[in-house]
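Have the sequence and the 3D view open, and follow the topics in turn.

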Amino acid sequence: MSSKSAFNSLDPALLYKGDLLKRIFFTLIALICYRLGTYVPIPGINLDIINDIFPKEGSGVFGVFNLFSGGALARMTILALSVMPYIVASIVMQLLSSAIKGINEVKNDGELGRRKMNSYIRYMTVVFCVFQSITILVGLERMNREGALVVIEPGLMFRTVGVFSLLGGTMFLIWLGEQISTSGVGNGISLIIFTGIISELHSAFSSLLTLSKNGSISLFIIFFILIAFFLLLLLVIFIESSYRKVVVQYPKRQFKKLHNDDFTYIPLKINLSGVIPTIFANAILLTPISIATFYKGHAFSNFILDYFIANKVIYILAYLALIIFFNFFYTNFIFNPEENANFLKRNSGFIPGRRPGKHTSDYLQYIVFKLTFIGSAYLVVICAVPEIIRYYYGISFIFGGTSLLIIVNVVTDTIVQIQSYVFSNRYDSWIRKYESKTRKLR
């Protein structure tokens with residue numbers, strides 16, 4: 001028997017299971033490469049001084065950035081920026097496509113438009129990387145003190161090499177994420193962020209145990225924090241998997257007298273905007289704080305560090321207010337009730353009890369407003385609880401609401417993709433078996 005006939009005689013179930021295992025193995029290898037890259041330092045950095053500085057100052061602003069970079073920022077490695085510039089560039093381009101007609105036309109221009117949008121996002125990512133890299137590198141040079149040089153040889157050469165190192169690290173992660181999405185399982189960029197957060201989970205909990213050993217907090221407080229963390233996780237899982245189903249009927253299908261074929265649903269998530277509001281709120285608050293940390297001594301920097309840092313009431317209130325604002329703001333961009341109402345009208349669909357057109361649009365707008373209000377309250381709860389714990393107990397437990405949202409969404413999305421892959425291959429195997437039986441009957 002030839003090798004080709006032997007391959008075709010194999011059980012299709014074994015074939016797709018083997019292919020799935022290869023994809024999972026490729027994903028794990030790629031994520032291991034990412035983790036190894038988080039230990040490659042930027043040239044010209046004094047590693048001993050960095051290790052002494054960031055464990056002390058990394059509990060606040062730097063702790064949040066360090067969490068998303070998987071510890072790369074605290075070690076000042078080439079992957080310190082992680083994929084956050086790419087995420088911000090993607091969000092900005094999505095907002096611009098909704099506001100600017102020309103960009104929206106490019107976005108809707110099929111495969112060619114998608115490639116152009118990806119190019120625009122990459123160009124914007126480069127700009128963000130260069131700006132953030134220069135800010136970090138100049139700030140590191142300003143940390144130099146007599147007898148404690150963070151940067152061994154400050155100057156133009158260090159900044160140039162540092163910018164290209166950080167830019168190359170971010171672009172490498174973008175390429176690696178695309179390879180995972182193509183040849184692995186799950187969304188590559190999301191899995192990279194997820195891996196970075198999970199890798200810092202042990203340090204977040206070990207800091208609690210260290211505080212308990214030192215007598216700073218009691219075991220009862222630690223138990224309370226862990227219970228709160230678990231309850232928040234359950235809340236995130238419940239809300240992120242919940243939908244508001246809006247019934248849609250099609251008159252053309254009613255004559256068929258089928259049970260479920262004369263109507264469908266518009267599934268609307270309770271949290272339509274996902275993790276975007278918390279990312280925007282963090283970016284708006286933490287960017288000036290991080291810059292002020294590098295430039296201590298100036299009047300504006302001192303004002304920021306005195307009033308707008310973690311464990312401050314003003315910071316918490318501003319953070320929660322920005323989450324609510326960006327939740328309503330971003331939801332208006334990603335869901336257009338008028339477009340959905342017109343789409344239903346063109347396809348002869350209607351919502352029972354609502355006239356097509358403006359009446360349907362107003363009804364959808366009303367539903368989205370209620371969902372956004374509930375979603376805002378939900379985001380406020382999961383983001384406020386960690387901040388309140390920091391405020392009352394003065395601990396540096398940085399594992400907050402944004403991290404929980406990312407973990408739950410990435411895990412859920414990856415599981416759904418694996419299930420879809422398995423079911424699609426089973427369907428193909430059923431088709432092949434049916435065709436082979438049909439040939440034998442002939």
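Is F329 buried or exposed, or does it fall in between? F329 is partly exposed, since its relative accessible area is 30%, and partly exposed covers the range between under 20% for buried and over 50% for exposed. Please keep in mind that this is a predicted model. With that settled, here is the wider picture.

**Overall build**

- The protein contains 17 helices and two strands.
- It has 442 residues, and 43% of them count as buried.
- Take the contacts between residues at least 6 apart in sequence: 74% of these join residues at least 24 apart.

**Aromatic pairs**

- Searching the whole structure turns up seven aromatic pairs.
- One of them joins F326 and F329 in an edge-to-face arrangement, with 6.5 Å centre to centre and 80° between the planes.
- Both residues belong to helix α14 (residues 313–334), and because they are three residues apart there, about one helical turn separates them.
- Another pair, F328 with F369, is tilted: the centres are 5.8 Å apart and the planes make an angle of 50°.
- This second pair links distant parts of the chain, given that F328 is in helix α14 and F369 in helix α16 (residues 358–393), 41 residues apart.
- F328 counts as partly exposed with a relative accessible area of 24%, and F369 is also partly exposed, at 47%.
- There is one aromatic cluster made up of F280, F325, F326 and F329.

**Charges over rings**

- R75 places its charged end over the ring of Y39, 4.0 Å from the ring centre.
- K245 does likewise with Y265, where the charged end lies 5.2 Å from the centre of the ring.

**The largest pocket**

- The largest pocket holds about 1100 Å³ of space.
- Its lining consists of 33 residues, and those nearest the centre are I87, N187, S190, V275 and I276.
- Which helices each supply at least two residues of the lining? They are α5 (84–99), α7 (110–142), α8 (156–183), α9 (188–199), α12 (276–294) and α17 (401–441).
- Of these, α5 gives the most, with six residues.
- By residue type, the lining of the largest pocket divides into 16 nonpolar, eleven polar and six charged.

- N51 is found in helix α3 (residues 47–57).
- N51 is partly exposed, because its relative accessible area of 44% lies between the 20% and 50% cut-offs.
- Along the chain N51 and M76 are 25 residues apart, and their C-alpha atoms are separated by 9.4 Å.
- Where is S218 placed? S218 is in the loop between α10 (201–214) and α11 (219–240).
- S218 counts as partly exposed, with 37% relative accessibility.
- From S218 to L208, ten residues away along the chain, the C-alpha atoms are separated by 9.8 Å.

Terms used
Residues are numbered from 1 along each chain as its sequence is written. This is a predicted model: local features need pLDDT of at least 70, side-chain atom pairs count only at pLDDT 80 or more; totals for chains, interfaces and linings use all residues. Side-chain values use heavy atoms; hydrogens and water are left out. On a 1 Å grid over the protein atoms alone, a cavity is a set of points where a 1.4 Å probe fits but cannot get out, and a pocket is an open set with protein on both sides within 12 Å along at least five of seven lines; lining residues have an atom within 4 Å of a point. Grid points are joined across faces, edges and corners, and a volume is the space filled by probe spheres set on the points. Helices (H or I, at least four residues) and strands (E, at least two) are DSSP runs, numbered from the N terminus. Ala, Val, Leu, Ile, Met, Phe, Trp, Tyr, Cys and Pro count as nonpolar, Asp, Glu, Lys and Arg as charged, and the others, Gly among them, as polar. Rings of Phe, Tyr and Trp (its six-membered ring) pair if their centres lie within 6.5 Å; planes under 30 degrees apart count as stacked, over 60 as edge-to-face and the rest as tilted. Buried means under 20% relative accessible area, exposed over 50%, partly exposed in between (1.4 Å probe, protein chains only). A charge sits over a ring if NZ of Lys or CZ of Arg is within 6 Å of the ring centre and within 35 degrees of the ring normal. Contact means heavy atoms within 4.5 Å.
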